[in-house]
Amino acid sequence: MKNLALKAGAICISMLLAAALALPASAEKKYTDLSGTKKFEIKRGFSPEAIECIECHARKTPGIVANWKMGKMSHAGVSCYDCHAVQKSAPTAMQCEGLRGKKTYISPMVSSKNCSRCHPEEVDQFLKSGHAMLAGAPVIENAKFQKLMYHYEGAEFIGIQKGSPTNRAARATGCQMCHGTKVELGPDNRPINETWPGGVGTRYPDGSVGTCSVCHTRHVFSMAEARKPDACGACHLGPDHPDIEIYMESKHGQIYLAQGEEWNWDAAPDTWEPGDYQAPTCAVCHMSGIGELSTTHNVNERLKWDLVHPRSEIRKNERGNGEKGDKLMRKVCANCHGKTHTSVQRANLDNAVALYNTYYDNAVKMKADLEKKGLLKKDHWKDGFQEMMYYLWHHTGRRARQGSAMNAPDYAHWHGFFQVFQVYKDMEDIYNYRMKNNRIEDLSTVMNSGPQ
């Protein structure tokens, strides 16, 4: 095993960036000599510390090493040591069995901060996106979400001790695996209380935010894998935001299912263009370089509407710039569609948002009337009106809006607006009964877990 790294034929490429040459002020000069802006040094093999990690893990966790050998990281000479090694003073510093008594310390957790050493631009874009701080916020900061996780789903309300392992199960197996959580450490600097691993918005003890390997799964870190809709579908699915199902129903998804195995998934960033594929994936529309647009890891950048929250608004501030986002998304569409087709699709989305917002605004007015007269229960989940209002926006309303955005008629209609009006009518009946009788009905009319 001693020469495993060399046997793999890995090439270590270290790029030393020199100062960029300024463009000449004179218009007479037709070109700029760019030689020397990058210096490439090619070295074979790995450091002794890296080889020690590779050889040990080839015995202990051969699957990890096998994946790493197949990926571009190993080809570029990036080893376990390069990503996992930390200073002894780092908050996550620890020593695995093979390092006891040595000077090398590692962290099993690799945050976006580690990745930024080689991918600074990608991480900077990511940190401005909804996949970073905003993703983890519900699990970490939102009081209502915390009550849902621990008091209700964690069964505190029927006697399970808050903070116990059983009470944490709903969060640890569900919420945090997509949203992320805040990593807690024990006295040996290992994560505790099931706070790791977590999803894309995980917050780490080194102060960084984000888990890149959620999309670029370790240890191959395949760009092709991240470009396929299946990567996004790990979180963007289910009754509340069935984006992968919506995509598969759309014409884009149909073409992907029929032809996707033949597409070129491994083109370099900003060179992956129509022709490499016959229809866009999630990545093409929201992240990839296409036409005059460059690759971005800010998934908010090309979005106009917030289609997730109770009322849809044009994105602004931390959620993006919706007016700019609309223009950028139209540039994506322009690579395959004419202006008429694109304008119709964008107008359909605007109209669908206006329709949904009308339902929601009327529901808000009814709730305000009931609240003034003391006709709402304190426990939302025992109150038929408030429970249905949740499903109006969180399930049926999202499906209607997102189905309209991505051209999936079954989700826009049967799973969407058809159920929106049914839920609304149920709410209207409850409202009318309470206002007429000045009392809350004895038994909730909501007898199931909500529309699916």
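Reader: How many helices and strands does the chain have?

Author: The chain has 19 helices and six strands. Helices (H or I, at least four residues) and strands (E, at least two) are DSSP runs, numbered from the N terminus. This is a predicted model, where local features need pLDDT of at least 70, side-chain atom pairs count only at pLDDT 80 or more, and totals for chains, interfaces and linings use all residues. Residues are numbered from 1 along each chain as its sequence is written, and side-chain values use heavy atoms, with hydrogens and water left out.

Reader: Why are α16 and α17 called oblique to each other?

Author: Helix α16 (residues 322–333) and helix α17 (residues 339–372) pack at an angle of about 140 degrees. Angles under 35 degrees count as roughly parallel, over 145 as roughly antiparallel, 65 to 115 as roughly perpendicular and the rest as oblique. The pair is therefore oblique. Axes are lines fitted to C-alpha atoms, for helices over the stretch in contact, and angles run from 0 to 180 degrees between N-to-C directions. Here the axes are 10 Å apart.

Reader: Which residues of α16 and α17 meet?

Author: Asp326, Met329, Arg330 and Cys333 in α16 meet Thr342, Ser343 and Arg346 in α17. Contact means heavy atoms within 4.5 Å.

Reader: What makes Asn189 partly exposed?

Author: Its relative accessibility is 22%. Buried means under 20% relative accessible area, exposed over 50%, partly exposed in between (1.4 Å probe, protein chains only). Asn189 therefore counts as partly exposed. Asn189 sits in the loop between β5 (184–185) and β6. Its phi is near 70 degrees, a positive value in a residue other than glycine.

Reader: And Asp270, what relative accessible area makes it partly exposed?

Author: The value is 41%, so Asp270 is partly exposed. Asp270 belongs to the loop between α14 (251–259) and α15 (282–286). Phi of Asp270 is near 70 degrees, a positive value in a residue other than glycine.

Reader: Which residues touch the most other members in the largest nonpolar core?

Author: Phe385, Leu392 and Met427 do, in a core of 21 residues. A nonpolar core is a set of buried Ala, Val, Leu, Ile, Met, Phe, Trp, Tyr and Cys residues joined through side-chain atoms within 4.5 Å. α19 gives the most to this core, with seven residues.

Reader: How much of the chain is buried?

Author: Buried residues make up 40% of the 452 residues.
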